[in-house]
Amino acid sequence: MDVTRLAASICEAAELLASQPAIDLVQRAELSRACEKLYAIVEQPSSRLEKATVGITPIVAVRIAIDMGIFDFVHHSPKKEFNSDEIATRAGADPLLVCRILRSLTASGIFNVTPAGTYKPDIVVKDLAEGGYLASRIMMNLSPENAYAGPFQYVFGTEEHYFDWMTSHPSQLDAFNRTMQAGVIRDNAARWTQIFPVAQRFQQFLGANSPVDKGIQLVDIGGGIGHEIKILLDTLPCLRGHFVLQDVPGVIQSMLPELKTITAATRTLQAMPCSFFDPQPVIGADIYFLGRVLHDWPDAQARSILQHTRNAMGKDSLLLIHDRVLPDGPEKVHLSDTIMDFNMMALCSSLERTETQFRDLLISVGLDLVRVWRPSTAGLHRQAVLEAVRADSPDDG
C-alpha cells in the first residue's frame, strides 16, 4: 500500500467535502463512522490514552467563553464577523486571554477565521448562548491571574507554584520527570538536536583528543534531570567541553544515571543546584540553553529568567530556547496546541507563545531573535529552537 498516496487522497476528499453545500445528518453520520474506523486503526493506543487525559481542555475554553458572554454577544449581534479586540472589549476581559480562548474555539470549529482575519461564528453558538441547551450542560470555571494565584493554587488550596508544590509530593515529581523524559523521546516530538544544526554550529568543538578547556561550555538552565544534555551527547559523541546542568536541588538529585558516570578526559559535567530566578552564576558561556522552560511561566517571570541569562552572556554567547512556537494566525493553530496552552494556563498561569510573542519577550530584556529553527516535519507539536543573542552583540550568522 502506498501510504503517501492514500494520505493525499484523504486530504483531497476533505477539501472536496469542505467545498460542498452542507450535508444532511444521515450522510454526516455515515462519514463520521468511516473516519472513526480509519482513525481507530491509525492511532496508537498511547496517543489515544494521552488524548483522553486532556480531553476536557477544549470544554474549559467553551465554559470561559460562556461566562464572559462571548456567545451571547455574537449570537445576538446583527454582525456576521468580529475581531478579537471588540469581543474582548464587550466581555470586559484581558485581550490576550480572549485571543487564547478564540484560538481554542477556532480549533474546535466553533469559530472560523476569515481571510480578513476576523472571527465568524458557527451556528452552534446559539446553543452556547444564554438559554441554549449546551450552555447549561457545560459547568466549570477557570480564571488565572498570576503564577502563584491561579487555578492550580485555588484547587489545591496552596500558595505554592506547581513546581514548588511537587517538591513536597515525591510521587508527583517522579511522574513529572518521567513525563518530561518521555516527551523528548516519543515519536511525535522532535529532538532539539534534530531542529538546530548542532553538528555544523558546534563543529569547532568536535574532536576526540582535545582537552576539555578547548571545548564548548554549555549551561542547561532549568534542565531537570539532564535529558536535553544527554540528547546532545548522544547526537555528538565526540563533542568535547564542560556541561553545566542547573535546576533546584530536589530535581538535580534525580539526575540521569548515565550523566553521573561521565569521566572522559574530553568532557565534564557539573550538576549545579540553583534557581533561574537568581543571577546566573556561569558568566560568558558559549551556549545557554532553555529547554521547555519558558512556557511554564507567564511573562513577568519569563522576563526575570531571560534577564538573568542575558546579563551573564558574553558578546559571543548564544541563547537557544527549545519550546513550542505557535503560528501567529489563529486559523493555523491545531487543537493540540490549544489544549497544551490551556494546560499551561491551568497549572502554571502561563502560556504557549507565538513567534511574535517570543520576539517581543526577548526584545524586552535586551535580546535579539536571530532565527527560529523548525523541523522539516513539525507534526502537531510545533517544536522549534529559537536562537538569540545580546542586542549589543554582532550577529555572526
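Ser-84 lies in helix α6 (residues 84-91), helices being DSSP runs of H or I with at least four residues, numbered from the N terminus. The model is predicted: local features need pLDDT of at least 70 and side-chain atom pairs count only at pLDDT 80 or more, while totals for chains, interfaces and linings use all residues. Residues are numbered from 1 along each chain as its sequence is written, and side-chain values use heavy atoms, with hydrogens and water left out.

Ser-84 has a relative accessible area of 16% and is therefore buried (under 20% relative accessible area, 1.4 Å probe, protein chains only). Leaving aside residues up to four places away in sequence, Ser-84 touches Val-98, Cys-99, Leu-102 and Tyr-119, where contact means heavy atoms within 4.5 Å.

Helix α7 (residues 95-107) comprises 13 residues and spans 18 Å from its first C-alpha to its last, close to the expected 18 Å (1.5 Å times one less than the number of residues). Buried residues of α7 include Leu-97, Val-98, Arg-100, Ile-101 and Leu-102. Gly-109, with a positive phi near 85°, follows α7.

The axes of helix α4 (residues 57-68) and α7 come within 9 Å and cross at roughly 125°; axes are lines fitted to C-alpha atoms over the stretch in contact, and angles run from 0 to 180 degrees between N-to-C directions. In the contact, Pro-58, Ala-61, Val-62, Ile-64, Ala-65 and Met-68 of α4 meet Leu-97, Val-98, Ile-101, Ser-104 and Leu-105 of α7.

Conventions:
Helix = DSSP H or I, 4+ residues; strand = E, 2+ residues; numbered from the N terminus. Buried < 20%, exposed > 50% of the residue type's maximum accessible area, 1.4 Å probe, protein only.
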